[in-house]
Amino acid sequence: MTVLSCLSVVLLFYIVCVRTEKVPAPENVRVISLNMGLVLEWDPPQSTTNTVFNYTSEKKGWDKYEPVCLSSSSLSCDFTDSVSIFGTYQLRVRAELHGETSDWVETKELAVDLITEISAPHVGLRSRKGQTEVDITDPPMKKRNLRDVFSYISYLIHFWKKGETKKEELIREQNRVVLPRLEPLVNYCIEVEILYLNKSSQSSNITCLTNTSSNEVESWLIAVVLLVSFLVVLVTVVLIFLFLSQRSQSSILSAMQESAPVKEHFCELRILHKEPNSSQDRPIGIQTHKNECCIGANVKQNNEEKSEMIITTTEQKPLLAEMRL
């Protein structure tokens, strides 16, 4: 009986001790926020070995806690879909074992847009005519776009000659940037970060590219070409003007010459009346007419050459006609 009594007391003591021992709480509880996401992570209690716990996680917005992950064996809980980007929240988690629970481990109040980190942007390079352009793409967000959340972001660009340690820095708001003062046919490396809320994102991978040769024309050569072109145009216009002026004057002179009066030529016609049986001819009448048929003909008047025509009538009053050409 004494042995049985002792065993009963030990068993009772063991049961009471196990039942009254509390479940240890999760350790190293931390909040992870990347690209507008919100995840709570933790480590299992370190005082136990080979013990599988379940965990429950909750969030509190304006008034009370609401469960998000219930009795899960995972060591994390994703709150992204249950929170707003601009809201303020408090998170907590506890461990569970055989129906018993640990104490809650709570976080401080937090806002996603203030605690979130931004991953590295994607960087593309291309070179043309001695200029290298950087094309920056923002990383995808879990909620909205980066520029929808932050009204002002900029890009911190570091670039340097490959193999050298000296880096040049450039800050721009545009996501397409032409790097200044690059030497042709030199290999350059680029690294980019996003600046937001006085913080910076993760750095992009280092990307290198050889700058192309420059085929730009010197400014003085451009000025000479423009000047020569202007002179050629000016001389051409002057020559055309002089040519048209001379042609116009020649046309006017020709028109004046063609409109001058034509010299008229005429022939003299003399009619003589001769009395019968008279020793001398007595002119009855002389008439001079302009003969149109003689216009334009070359008529040579020669005193030695004469053409005489004698016309005799039956009325005994002959007429003598003489035409001198």
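1. **The three-stranded sheet.** An open sheet of 3 strands has antiparallel pairing and the order S10-S11-S14. Strands here are DSSP runs of E, at least two residues long, numbered from the N terminus. Two strands pair if DSSP finds at least two bridges between them. S10 (122–128) and S14 (176–178) are the edge strands, each pairing on one side only. From one strand to the next, the twist averages 20 degrees. Axes for such angles are lines fitted to C-alpha atoms, and angles run from 0 to 180 degrees between N-to-C directions.

2. **Basis of the model.** This is a predicted model: local features need pLDDT of at least 70, side-chain atom pairs count only at pLDDT 80 or more, and totals for chains, interfaces and linings use all residues. Residues are numbered from 1 along each chain as its sequence is written, and side-chain values use heavy atoms, with hydrogens and water left out.

3. **S10 against S11.** Strand S11 covers residues 131–137 and runs antiparallel to S10. The two are joined by 7 bridges. Arg128 has Gln131 in S11 as its bridge partner.

4. **The protein overall.** There are 4 helices and 21 strands. Helices are DSSP runs of H or I with at least four residues. The protein has 325 residues, and 26% of them count as buried. Buried means under 20% relative accessible area, exposed over 50%, and partly exposed in between (1.4 Å probe, protein chains only).

5. **Contacts and surface.** Take the contacts in the protein with a separation of 6 or more: residues 24 or more positions apart account for 57% of them. A contact means heavy atoms within 4.5 Å. The accessible surface comes to about 23500 Å², and carbon and sulfur atoms hold 54% of it. Areas come from the Shrake-Rupley method with a 1.4 Å probe.

6. **Disulfide Cys69–Cys77.** The structure holds 2 disulfides. The criterion is a pair of cysteine sulfur atoms within 2.5 Å. In the link of Cys69 and Cys77, the sulfur atoms are 2.0 Å apart. That link is right-handed, with 85 degrees about the S-S bond. Cys69 and Cys77 are both buried.

7. **Disulfide Cys189–Cys208.** Here too the sulfur atoms are 2.0 Å apart. The torsion about the S-S bond is about 100 degrees, so this disulfide is right-handed. Cys189 lies in strand S15 (residues 187–196) and Cys208 in strand S17 (residues 207–210), so the pair ties together parts 19 residues apart in sequence. Cys189 is buried, at a relative accessible area of 3%. Cys208 is partly exposed, at 32%.
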